[in-house]
Amino acid sequence: MGNLPLLKIEGLEASIDDTMILKGINLEILPGEVHAVMGRNGSGKSTTAHVLMGHPDYEVVNGSVQLNGEDLLEMEAFERARAGVFLSFQYPHSVPGLQVGNFLRRSVSAIRGEEAAKGAEFRNLLKEGMEQLGLDRSFLSRYVNDGFSGGEKKRFEILQMMLIKPKLAILDETDSGLDIDGIRTVAQGVDAAIRGSNSGALIITHYNRILEHVKPDKIHVLIDGKIVKSGGPELANKLEEKGYDWVEQEVMDNE
Amino acid sequence: MSEDARSAVGDYKAGWHDPENATIRFDFGLSEQVVRDISALKNEPEWMTELRVKAFHHFNERPMPTWGNMHMLEEIDFDKVCYYLRSSDSTEKNWDDVPEDIRNTFDRLGIPEAEQKWLSGVTAQYESEAVYHSIREDLEEQGVIFLDMDSGLREYEAIVKKYFCSVVPYADNKFSALNTAVWSGGSFIYVPSGVHVEMPVQAYFRINAKNMGQFERTLIIADEGSSVHYVEGCTAPTYSTDSLHSAVVELIALPGAHIRYSTVQNWSANVYNLVTKRGIAHEKATIEWIDGNIGSKLTMKYPAVILKGEGSHAEVISVAYSGKGQHQDAGAKIHHLASNTTSKILSKSISKNGGRGSYRGMVTVSPKAENCKVNVVCDALLLDEESRSDTYPTMEVGNSGARCEHEASVSKVSDDQLFYLMSRGHSEEEALALIVNGFFEPFTRELPMEYAVELNQLMALEMEGSIG
């Protein structure tokens with residue numbers, strides 16, 4: 001059981017408007033693992049997140065993606081969500097008139113089933129999550145992401161993750177726009193949701209900061225649509241210190 | 001299902017029809033004789049007969065409006081409309097006494113159930129006449145009058161004579177003239193001073209026959225310091241030929257009174273809905289129109305409030321949904337005649353599949369009206385490229401002390417917004433329904449809960465099959 005990958009990406013190539021962005025991604029995440037993808041702007045980090053979630057603007061040209069052995073690429077975004085994929089958006093969209101509480105209940109119901117969105121378990125989970133994230137009760141009657149501050153948006157994404165309990169949580173730059181307390185809270189949320197479970201997480205980030213709190217099992221460096229280097233947590237420190245130039249140099253030397 | 005049902009469009013759920021068992025049915029077409037016959041049939045006082053005849057002649061002479069949707073208006077064939085049809089000879093107080101077909105139809109529409117749960121009184125009109133009417137006893141004991149309009153005229157002639165056409169003169173427009181000439185049914189409500197009708201009273205209007213004209217007339221008088229919430233709903237079968245619904249509603253809010261009038265209009269897509277609704281608010285009175293237009297072929301309706309008394313307040317909160325072949329030309333009119341009066345207009349429209357939504361509004365502030373406040377917000381949401389939204393706002397402010405705010409926006413549903421909701425497990429149609437219901441939320445939250453739920457379900461149905 002432990003050795004079957006939760007997520008298996010093989011030779012993934014994807015384009016948008018006929019421009020190739022992902023040029024052959026290979027990645028395996030085992031149950032209970034947290035991985036991080038780092039890279040410069042434009043390296044394909046956010047595209048990876050969007051392609052995994054199934055954004056219709058991206059075309060998958062080649063490769064395969066499996067979640068617990070199921071072919072994700074065959075599914076529409078909402079089916080992937082129901083299969084257990086969750087994306088914490090870098091720029092979450094607002095839905096004026098749709099109340100947070102109502103949205104959470106409907107989403108949990110759509111993904112985990114009606115029963116999970118009812119009764120004491122849901123209420124307790126919601127209460128705990130909101131306390132942990134420092135969100136006030138009045139938050140529930142606000143409209144989804146409408147007039148939220150940057151920090152509120154990110155906290156709301158994590159709250160959704162905590163309630164939805166995904167098998168695979170993808171966090172797209174969730175740390176940007178958060179202060180250090182916010183980052184710590186998010187990291188705790190990820191830990192609580194992933195560690196010791198059969199779930200996994202893929203953290204996409206520019207910075208080392210969130211990784212100091214989450215402590216990923218593996219770090220991958222993405223350059224020009226390919227994972228060029230993978231390693232343990234020490235890789236993040238090295239990138240923080242030296243930037244990406246040395247990785248690029250290594251790649252050129254190897255070619 | 002008959003031939004006509006084959007043209008049933010989309011997911012309209014109220015499009016069935018009963019066999020036509022008319023006890024009295026007038027031939028198609030309109031003449032002075034038809035008008036006199038309607039009046040004679042109802043045994044009306046002479047002043048009403050003469051008022052009808054005057055209105056008929058005005059209707060004949062008055063040209064069609066030269067605005068709104070002239071093309072669709074010109075398609076109305078007034079000679080192919082049945083102006084009076086009676087399916088039941090009496091108005092019953094007990095559903096069991098209503099003819100079975102008709103009772104089943106109202107059952108399917110959920111009216112008796114709603115009545116038991118949350119209404120103070122119900123009137124159900126089928127074609128030209130009310131077939132069922134009832135009011136809670138405790139309200140009757142407090143002196144609340146809630147009758148169908150014909151009974152109102154018979155039993156309270158003096159009140160009716162005083163107020164009938166006092167807010168909407170018959171010559172106000174072509175369709176108010178038509179209604180005054182051939183009106184039948186509708187509600188008559190009087191709420192005595194200081195009485196608060198806690199639960200809403202409801203009227204439901206059903207057209208069943210083909211090429212039918214329904215011309216109900218409603219008059220609501222709220223005496224000093226009283227309050228009432230009136231709710232109306234309506235549906236019709238889907239036919240390949242058109243029907244005409246042309247109502248007149250007059251509201252009188254005496255000093256300190258509060259009238260709220262809520263409508264969920266869900267006519268089938270072959271009904272012309274040309275309605276005049278207007279209220280007068282006296283000192284410190286409030287009139288609110290909560291107006292939802294989901295169905296019909298062409299709706300032209302601009303609920304109006306005349307703020308006649310100092311410190312009076314008006315609100316018009318409306319939504320319009322226009323699908324394929326539909327044009328909702330809706331809006332609001334407010335006239336600030338007195339000082340310290342305030343008004344708020346919120347209009348939301350959604351257009352889909354080439355549907356067309358127009359906001360047409362007029363706000364005037366008279367030179368003598370000091371310290372008035374006006375707030376107008378119009379938002380349109382387009383669901384595709386072929387749909388259309390127009391805004392025709394007019395403000396005539398004669399007093400420099402007035403504070404007027406006006407905002408308008410047009411937005412589209414973006415792929416990113418849909419993707420965000422889909423990533424939370426909602427199919428594309430569900431996601432669209434969430435966006436649409438959210439857009440209408442400022443309206444639905446003003447409705448009684450049962451109506452709000454129904455409206456949300458209605459919109460979710462409209463979103464089904466809308467994704468290419």
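1. Let me start with the hairpin of strand 1 and strand 2 of chain A, where 2 residues lie between the strands and Asp17(A) takes a positive phi near 45°. Strands here are DSSP runs of E of at least two residues, and helices are DSSP runs of H or I of at least four residues, both numbered from the N terminus. Strand 1 (residues 7–16) and strand 2 (residues 19–29) of chain A run antiparallel and are joined by 8 bridges; two strands are said to pair if DSSP finds at least two bridges between them. Within this pairing, Ala14(A) has Leu22(A) of strand 2 of chain A as its bridge partner.

2. A word on the model and its numbering. This is a predicted model, in which local features need pLDDT of at least 70 and side-chain atom pairs count only at pLDDT 80 or more, while totals for chains, interfaces and linings use all residues. Residues are numbered from 1 along each chain as its sequence is written, and chains are lettered from A and ligands numbered from 1 in the order in which they are written.

3. Strand 1 of chain A has another partner to look at. Strand 4 (residues 58–67) of chain A runs antiparallel to strand 1 of chain A, with 8 bridges between them. Here Ala14(A) stands opposite Val60(A) of strand 4 of chain A.

4. Now chain A as a whole. Its secondary structure comes to 9 helices and 12 strands. Chain A has a radius of gyration of 18 Å, close to the 18 Å that the globule rule gives for 255 residues, so chain A is as compact as a globular protein of that length. The radius is taken over C-alpha atoms, and the rule is 2.2 Å times the number of residues to the power 0.38. Along the principal axes, the C-alpha atoms of chain A fill a box of roughly 60 × 40 × 40 Å. Of the 255 residues in chain A, 43% are buried; a residue is buried if 20 or more other C-beta atoms lie within 10 Å of its own, exposed if 12 or fewer do, and partly exposed in between, with C-beta atoms placed from the backbone. Among contacts in chain A between residues at least 6 apart in sequence, 72% join residues at least 24 apart. Two residues are in contact if their C-beta atoms, placed from the backbone, lie within 7 Å.

5. On to the interface between the chains. The contact takes 20 residues from chain A and 19 residues from chain B. On the side of chain A that touches chain B, helix 2 (77–83), strand 7 (95–99) and helix 3 (100–112) of chain A each supply at least two residues. By class, that side of chain A has 13 nonpolar, 5 polar and 2 charged residues. Ala, Val, Leu, Ile, Met, Phe, Trp, Tyr, Cys and Pro count as nonpolar, Asp, Glu, Lys and Arg as charged, and the others, Gly among them, as polar.

6. Chain B has an open sheet of 10 strands with mixed pairing, in the order 4-3-7-10-13-15-18-20-22-24. Strand 4 (129–135) and strand 24 (403–412) of chain B are the edge strands, each pairing on one side only. Inside the order, strand 13 (residues 258–265) and strand 15 (residues 286–293) of chain B pair in the parallel sense over 8 bridges. Arg260(B) has Glu288(B) of strand 15 of chain B as its bridge partner.

7. Chain B is divided into domain 1 (3–301) and domain 2 (414–468), with bounds from an automatic or database domain assignment. Their centres, taken over C-alpha atoms, are separated by 30 Å. The contact takes 12 residues from domain 1 of chain B and 10 residues from domain 2 of chain B. Helix 5 (111–118), strand 13 and strand 15 of chain B each supply at least two residues of the side of domain 1 that touches domain 2.

8. Strand 17 (residues 304–307) of chain B deserves a look. Both of its faces are covered, with Ala304(B) and Ile306(B) on one side and Val305(B) and Leu307(B) on the other, all buried. Strand 17 of chain B pairs in the parallel sense over 4 bridges with strand 14 (residues 271–281) of chain B, and also in the parallel sense over 4 bridges with strand 19 (residues 327–336) of chain B. Leu307(B) is the bridge partner of Ala281(B) and stands opposite His336(B) in strand 19 of chain B.

9. Lys284(B) is placed in the loop between strand 14 and strand 15 of chain B.
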